[in-house]
Amino acid sequence: MKRILTKQKVGDMLLLYLYDANRDRIGLSIVPESLKDEITLEEDCDIESLVQLRLEGESHVRRYSHSAILRNSIVARELRFKEQYIERDAGLKTIVTVLENQKVKVYHKVRYYKDTKTITMTSEIINKFINPITIERISSFSICNWPMFGTREECNDKKLYRMRNKKSTKGKMQEETFKDLEDIEKDMEKNIEIESSWSRYGIQSICYGEGNVNSVKTYFPWGVIEDQKRGVCFGAMIAHSDFGKIDVYNKGNRCTVSGGLGNQEGAQWKKTLAKGESFVTPEAIITVAASDVKSASNRLIQGLQELKGIEHFVIDANWYAKTV
């Protein structure tokens, strides 16, 4: 059985914590609060783990797809929902969701102020295993079943906007439909697809961002997905200079977006934790708006400016301002 476990109103947005009782798994989606009456949750939808995680030495599993993506590892599938609570501190609210398996305990945190237009997400992982563990990938955020409207049979009418980070094109926004992305990636012989799988079995994915040796930092770890049919945009970025990644895939016309740190295509990011040690991911800035990509971009700029001074902040908001 699949259901909406909790709803949290955040500014003009609505966070939907989704629960799969059969797998004891919790996931997250986000919609504009103004469209709450159009929300649908189908029984055959995939509720993916709130935190995506891969450990060194872990074998790949069925439907894991190629090793470049940030999701669907064994340890992520084994994470079980334990509890959820809210912390309050001088106007700042934090929704804390606790996940756990035999090796790790994870605290997923959503922070926001009243009337905000963006939220920040992080994941804190603690090694509870007797031996050290080495993290190869870990998400700061993971949004599934987006946009949460209509049925999965509807036509594919989504666009992905990315921000270039290479020489003279730095700061230029690149717009592509999901179908165009499939053709482009195939032309580049990357064996990656983004158009939804007709069989609903395979994972169609594209992963981009910093630290990718082959692309030489072609894109910022930033993206906006537009549902053209309903005029809704989801935006996200990772505040990290070297290994921030955004991963997007589409399955049955409901897309899943995650972002965090990853060891992708030769980029050697890893983090080893001894028993009892913890690690916190860099902040992810998230927004959703019943408007166009310009509005979603401006919201991300605002969230980015509010994070100035954090340890991993390196991306100048002026580059984004040039595109909107």
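## Aromatic pairs

The count comes to 5 aromatic pairs, where rings of Phe, Tyr and Trp (its six-membered ring) pair if their centres lie within 6.5 Å, and planes under 30 degrees apart count as stacked, over 60 as edge-to-face and the rest as tilted. Take Phe-141 and Phe-234: their ring centres are 6.4 Å apart and the planes sit at 45°, so this pair is tilted. The two are 93 residues apart, with Phe-141 in strand β9 (residues 133–146) and Phe-234 in strand β14 (residues 232–238), so to speak a link between distant parts of the chain. Strands and helices here are DSSP runs numbered from the N terminus (helices are H or I, at least four residues; strands are E, at least two).

A word on the ground rules: this is a predicted model, so local features need pLDDT of at least 70 and side-chain atom pairs count only at pLDDT 80 or more, while totals for chains, interfaces and linings use all residues. Residues are numbered from 1 along each chain as its sequence is written, and side-chain values use heavy atoms, with hydrogens and water left out.

How exposed are these rings? Phe-141 counts as buried at 0% relative accessibility, and Phe-234 is buried too, at 1% (buried means under 20% relative accessible area, exposed over 50%, partly exposed in between, with a 1.4 Å probe and protein chains only). Phe-234 also pairs with Trp-146: the centres are 6.1 Å apart and the planes are at 50°, so this pair is tilted. Trp-146 lies in strand β9 and Phe-234 in strand β14, so the contact ties together parts 88 residues apart in sequence. Trp-146 is buried, with a relative accessible area of 1%. Put together, ring pairs join Phe-141, Trp-146 and Phe-234 into a cluster.

## Charges over rings

Two rings have a charge over them, meaning that NZ of Lys or CZ of Arg is within 6 Å of the ring centre and within 35 degrees of the ring normal. The charged end of Lys-103 sits over the ring of Phe-129, 5.2 Å from its centre. Arg-162 lies over the face of Tyr-208, at 5.0 Å from the ring centre.

## The nonpolar cores

The largest nonpolar core has 64 residues, and the members touching the most others are Leu-15, Ile-30, Ile-119, Ile-125, Phe-141, Phe-234 and Ile-286. A core is a set of buried Ala, Val, Leu, Ile, Met, Phe, Trp, Tyr and Cys residues joined through side-chain atoms within 4.5 Å. A second, separate core of 13 residues includes Trp-222, Ile-285, Leu-304 and Leu-307.

Back to Ile-119, which lies in strand β8 (residues 119–127) and is buried at a relative accessible area of 1%. Leaving aside residues up to four places away in sequence, Ile-119 touches several residues, among them Val-10, Leu-15, Ile-30, Ala-284 and Ile-286; contact means heavy atoms within 4.5 Å. The C-alpha atoms of Ile-119 and Ala-236 are separated by 9.7 Å, although 117 residues apart along the chain.

## Leu-55

Leu-55 lies in strand β4 (residues 53–55) and is buried, with a relative accessible area of 5%. Beyond four places in sequence, Leu-55 touches Val-75, Lys-103, Ile-133, Thr-134, Ile-135 and Glu-136.

## Cysteines

How many disulfides does the rule give? The count is 0 disulfides, where a disulfide is a pair of cysteine sulfur atoms within 2.5 Å. Cys-207 counts as buried at 9% relative accessibility, and Cys-233 counts as buried at 0%.

The peptide bond from Trp-146 to Pro-147 is cis, with omega near 20°, and Pro-147 is found in the loop between β9 and β10 (158–164). Met-148 is in the loop between β9 and β10 as well. Its phi is near 70°, a positive value in a residue other than glycine, and Met-148 is buried at a relative accessible area of 0%.

Ala-90 is not a glycine either, yet has a positive phi of about 50°. Ala-90 lies in the loop between β5 (80–89) and β6 (92–100) and counts as exposed at 78% relative accessibility.

## Overall numbers

The protein has 4 helices and 19 strands. Buried residues make up 58% of its 324 residues. Among contacts between residues at least 6 apart in sequence, 61% join residues at least 24 apart.
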